[in-house]
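Look at how the two chains meet, and at the space left open in the protein. Start with a pocket, then move to the interface.

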Amino acid sequence: MDSFQQVVFKLKQYWADRGCIIQEPHDVEVGAGTMCPETFLRVLGPKPYRVAYVQPSRRPADGRYGENPNRLFKHSQLQVILKPTPNDVIEQYLGSLEAIGIDLAKHDIKFEEDNWEAPTLGAWGIGWQVMLDGLEITQFTYFQQCGGIDLDLCPAEITYGLERLTAFLQVKDSVYDIEWAPKFSYGDVRFNDELQYSVYNFEMADVGTLWQLFDLHEKECARLLGLYPKAEEKRRFPLLPAYDHVLKCSNLFNTLDARGAISVTERVGVIQRVRKIAVGVAQAWVNQQHGAEAAQ
Amino acid sequence: MSALPFLLEIGVEEIPDWMIGGALESLRALFQELLTGRNLAEGVTLTLDATPRRLVLRAQGLTERQTDSEELLLGPAKSAAPAAIEGFARKLGVNVDDLGVEKGPKGDRVSYRKKVAGRATTEILAEALPGIILKIYFPKTMFWIAPGGPRFIRPIRWIVALLGDAVVPFELAGVHSGNQTSGHRKLGKARVPVTFETYEQTLLENFVILSADERRKKILAEVEASVKPDPALLETLVYITEYPTVIGGSFDPSYLTLPAEVLVTVMKHHQKYFSVEDKSGALAPRFFAVMNSNGDPDGLVRSGNERVLRARFNDARFFWDADQKATLAARVPSLESVMFQAKLGSYLDKTKRVADLVNELGGDADAVRAAELAKCDLTSELVKEFTELQGVVGGLYARVQGETETAARAIYDQYKPSSMEDSVPRDRAGQILSIADKLDTLRGCFSIGLIPTGSRDPFALRRAGQGIVKILVEAKLSLPIAGIVKENAQLAEFFLDRVRYYFKEIRGFQYDEVNAVLASGWDDLVSVESRLAAVQAVRPTPNFEPLAASFKRIQNILKQADFKGGVSIDPALLEPGAEAELHAEFENVRATVSKKAHGPALEAIASLRPAVDRFFDKVLVNAADPHVRRNRLALLYQLRSEFSTIADFSEIVTTS
C-alpha cells in the first residue's frame with residue numbers, strides 16, 4: 001500500500017516522464033491549483049508549456065474543525081497543465097491511474113460532463129469529472145478562456161484530488177486515517193490546520209481587518225495595473241507581484257464569505273472587483289509576453 | 001449499378017449523455033439533406049446509433065455514382081446566320097450536326113443537349129462530410145486546436161468512413177478518415193479495422209454495445225424488478241456507458257432513519273444509482289449501480305460504490321442533525337440575510353409579501369403558517385448541500401417540528417409544479433402558497449423591469465406563470481388572480497400569453513378556439529377551461545362554423561356602422577318575417593342560455609343559425625328609414641353581446 005506521499009511521488013514521476021516541469025506549490029494562499037501563476041498566466045499566449053505541481057488549496061467555507069471525515073479546509077490538488085493538449089491526453093491520464101496501482105480493468109471509470117467556471121478569474125473550460133467506482137477523483141478541463149481571453153493553445157488541465165484518491169487506494173473511510181508517511185497519519189500532519197483555521201475562519205477572523213486587507217491588496221494591484229501602460233521597459237514590469245495581490249484578494253474574499261460577512265447582494269460586487277484586477281493582470285501579461293517574444 | 005452500404009463513425013471523447021439524441025437527429029437531417037440535394041436519396045435507408053464515444057450513421061442502398069444527366073444549352077435563333085450557329089457549335093466543341101432545335105416562345109432556337117456524367121458518390125461524400133460533421137448541433141461546443149479552429153462537443157479523435165469496402169477519404173481537425181474504429185477504453189483494442197458488415201460485431205468483441213436499445217435491455221435485464229422505475233436515469237445510464245453491467249450494493253439499514261427523499265436524491269442525482277423498494281413500497285437498504293465495464297469479479301467496484309454512498313449518507317445525517325438545532329420558526333429572522341433580489345429585498349421581505357398574498361387569496365391559517373415558514377429551509381445545511389431538495393426539506397422539518405400536517409405538506413409542495421409534466425400541490429393550502437409565491441416573484445420582477453425577452457428568462461418567470469395557470473385550472477381554483485396581474489399591463493399581457501400557451505401547447509386546443517374564449521374574458525381560468533371544452537365539443541356540429549361566420553359578419557356591420565349599442569330593440573319596428581323571427585328566436589334562446597351549462601348553451605346558440613341565415617338573406621340592415629336601421633343594428637348588437645360571454649365567435653377561423 002502506497003502512502004500519501006508515495007502516491008504524490010509516483011504521479012509527479014509519471015508526469016515528469018511525459019515532459020512536465022515539476023514545480024513546487026505557489027507560495028501565496030490559493031483556493032485551487034488553477035489560480036497559481038503556473039496555470040493562470042502560463043496558459044495564456046502561444047508558448048507551449050507542461051507543468052505539474054501539488055498545490056495546497058484553501059477553502060475556508062469547507063472547514064469542519066477536523067470533525068468531518070471527508071471535508072477539509074485545506075486539501076491538496078495535483079495540478080497538471082498540458083499546453084497544447086496531446087491527442088492521447090485521456091489515455092495518458094488513465095495511464096497515470098495505472099501508475100499508482102489502479103487496475104482499471106477491475107474498476108469502473110466514467111467521464112461525466114462537468115464544465116468548469118471561475119467567475120473571479122474570468123476563466124472557464126469544458127470537461128468532465130472523472131468518476132472511479134462512483135467517487136469523483138479528478139476534474140478534467142479543456143481550458144477555453146482565462147482572464148476573459150481566448151486561449152491560443154487550448155491546454156488540458158488535470159486536477160487530482162489527492163486525499164480522495166489516496167483514501168480510495170488505502171481503503172480508508174476517513175481522510176484523517178490516511179497514512180501520509182510510514183508511522184504518520186494525515187491527521188498527525190494536518191489536524192491542527194483543520195481545527196485552527198476553522199476556528200479562525202468561522203469565529204475569530206476580524207471582519208473589519210479582513211476588509212481593510214482586501215482593499216489594500218486591491219488598491220496595490222490596481223495601482224500597478226495603472227502604471228503598466230506607461231511603463232517604458234515592459235519586461236521589467238512587476239506583473240507577477242501584481243498577480244499575488246489578486247490571489248490575496250481572492251483568499252480574503254473566501255474567508256470573509258466563510259465568516260458570513262458578505263451578503264448575497266454584496267457578493268456579486270466583490271466577485272466583480274476581483275475579476276477586474278485578475279482580468280487586468282491577464283491582459284497585461286499577454287501584452288508583456290508578446291513584447292518579449294517580439295524582442296527575441 | 002450495385003447498391004453500396006455506407007458507414008460513418010465519428011470517434012469523440014465522452015459526449016454528455018443528454019446531448020446525444022439531438023446530435024443524432026441533427027446528423028440524420030444533415031445527411032438526408034445532402035443525399036436529396038445530390039440526387040442520391042432514392043431507396044436509401046439510414047440507421048443512427050451512438051455511445052458516449054461515437055456517433056454512427058449507416059446508410060444502405062447508395063449508388064456508386066449519381067446518374068448521368070443532360071443539360072440543355074440554348075444557342076442563337078434557328079434563323080440566325082450560319083456563322084452564328086457554327087460559332088455556337090465551335091464554342092461547345094461539337095459539330096453543327098450534333099445540334100438540335102428547341103421550340104421557344106420567341107421562335108425556334110438552336111440547342112445542344114450536353115451530357116453530364118454523374119459524379120462518384122465517394123467524391124461527393126468526401127467533399128461534404130467534414131462540413132456536415134461540424135454542423136451537427138450541440139448546445140455547447142469547444143475548440144481544441146485553436147480559437148478559430150473547428151468546434152465540436154469534445155475533441156474528435158478518429159473517423160471511420162467506408163463506402164462499400166473503400167475508405168471515403170477526407171480530413172477534419174487533423175484527423176484522417178479510415179477504416180479503424182476504437183473499442184472500449186479499457187476492455188477493447190484501441191485501433192481495430194472494420195467493414196460495414198463486421199462493424200457491429202467487431203465493436204461487441206471490443207466491449208462496445210452499439211445499439212442504445214441493446215444497452216437499455218441489458219441494464220433492465222440485470223436490475224431486479226424491485227427497483228424504482230426511473231426512465232430519465234435509465235436514459236442517462238444508457239448514454240454514459242458503452243458496455244453497461246449492473247452491480248447491486250447495500251447500505252446499513254440505520255441510514256433508513258433519514259427521510260427517503262434525501263436518500264433517494266443522493267442515490268439518484270449524485271450517484272446515478274437505482275434505489276430499491278421492498279414489498280410494502282418502503283425504501284430498502286440496497287441499490288443498483290451501472291458500471292461501464294464487464295464485471296466486478298473481486299467486488300472492488302461494489303465496495304467502492306458502497307463506501308462513497310456511506311460517506312454521502314454520513315454527510316446528509318450530519319446536516320440533518322445539525323439542522324435540528326434551530327427550528328424553521330427560529331430561522332425566520334435569519335432570512336433577512338438571504339437575498340432574494342437586490343431591488344426586491346431579502347427572503348424575509350418576500351416571506352412577508354407572500355404571507356399577505358396567501359391571506360388575500362383566501363388561504364386558511366395553515367396556508368398562512370406555511371407561507372411564513374416556507375423559505376426557512378434555505379438556511380439549512382441540508383438544502384445548501386442538496387439544493388434540489390428545497391421545499392421538500394422544509395416540509396420534512398415542519399413535520400418533525402410539530403407543525404400541522406397540512407402546513408408541512410404545503411411547504412413540501414410549494415415549488416410544484418416544477419414543470420408542465422409535474423403534478424400540482426396536493427392540498428388547497430399548498431396550491432395557494434405555490435400560486436402566491438410565484439405571483440409575488442412575477443409581480444416583483446415586472447415592477448423592476450426584469451421581464452423575459454426571447455430566450456432570456458433568468459428568473460424562470462415563464463415557468464412560474466405557467467405553474468400558476470396549471471394550478472388554477474387543474475386544481476379548479478377560482479381565485480382573483482387576473483385582477484392582480486392586470487395591475488401591470490406588461491404582466492397582464494405576459495400572463496395571458498402563459499394562459500394561451502397552456503391551453504394550446506399543453507392541452508392541445510386550437511389557437512382560434514383559445515382566442516375566441518379568451519376574448520370573452522379570462523378572469524376565471526376554471527371557466528375558461530369549461531368554455532373551451534364546450535367550444536371544442538360544439539365546433540364539429542354543422543351549425544357552428546356557419547354561425548361563427550355570421551358573427552364575423554355581424555361584427556363587421558357593427559364596426560362599419562360605428563354602432564356602440566345603448567339602444568333597446570323596438571318590437572314595433574321589426575319587419576314581419578325573417579327579422580321578427582330572428583328576434584323571437586333570439587329571445588327564446590337568451591332565456592334558456594343563462595341557465596344552461598356552457599355546452600348546452602353553445603348548442604342552443606348554434607341552433608340560431610337558420611334564423612340568422614334567413615335574416616341576412618331577406619333583410620337589408622342598411623334600411624332607408626334611419627329608425628329601422630338603428631333597430632336592426634340594436635338587434636345584431638344584442639345578439640352578439642349576449643352570446644359572446646362564452647366565446648367571441650368572430651375569432652373562430654372558418655373555412656366558409
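What volume does the second largest pocket have? The second largest pocket holds about 480 Å³. A pocket is an open set of points on a 1 Å grid over the protein atoms alone, where a 1.4 Å probe fits and protein lies on both sides within 12 Å along at least five of seven lines. Its volume is the space filled by probe spheres set on the points, which are joined across faces, edges and corners.

This is a predicted model: local features need pLDDT of at least 70, side-chain atom pairs count only at pLDDT 80 or more, and totals for chains, interfaces and linings use all residues. Residues are numbered from 1 along each chain as its sequence is written, chains are lettered from A and ligands numbered from 1 in the order written, and side-chain values use heavy atoms, without hydrogens and water.

Lining residues have an atom within 4 Å of a point. The second largest pocket has 28 of them; closest to its centre are Asn87(A), Asp88(A), Glu91(A), Arg157(B) and Arg191(B). Helix 3 of chain A gives the most, five residues.

Now the interface. Contact (heavy atoms within 4.5 Å) takes in 45 residues from chain B and 44 residues from chain A. Seven salt bridges link chain B and chain A, each a side-chain nitrogen of Lys or Arg within 4 Å of a carboxyl oxygen of Asp or Glu. Arg71(A) pairs in this way with Glu385(B), their closest N and O atoms 2.8 Å apart.

How values were computed: Helices (H or I, at least four residues) and strands (E, at least two) are DSSP runs, numbered from the N terminus.
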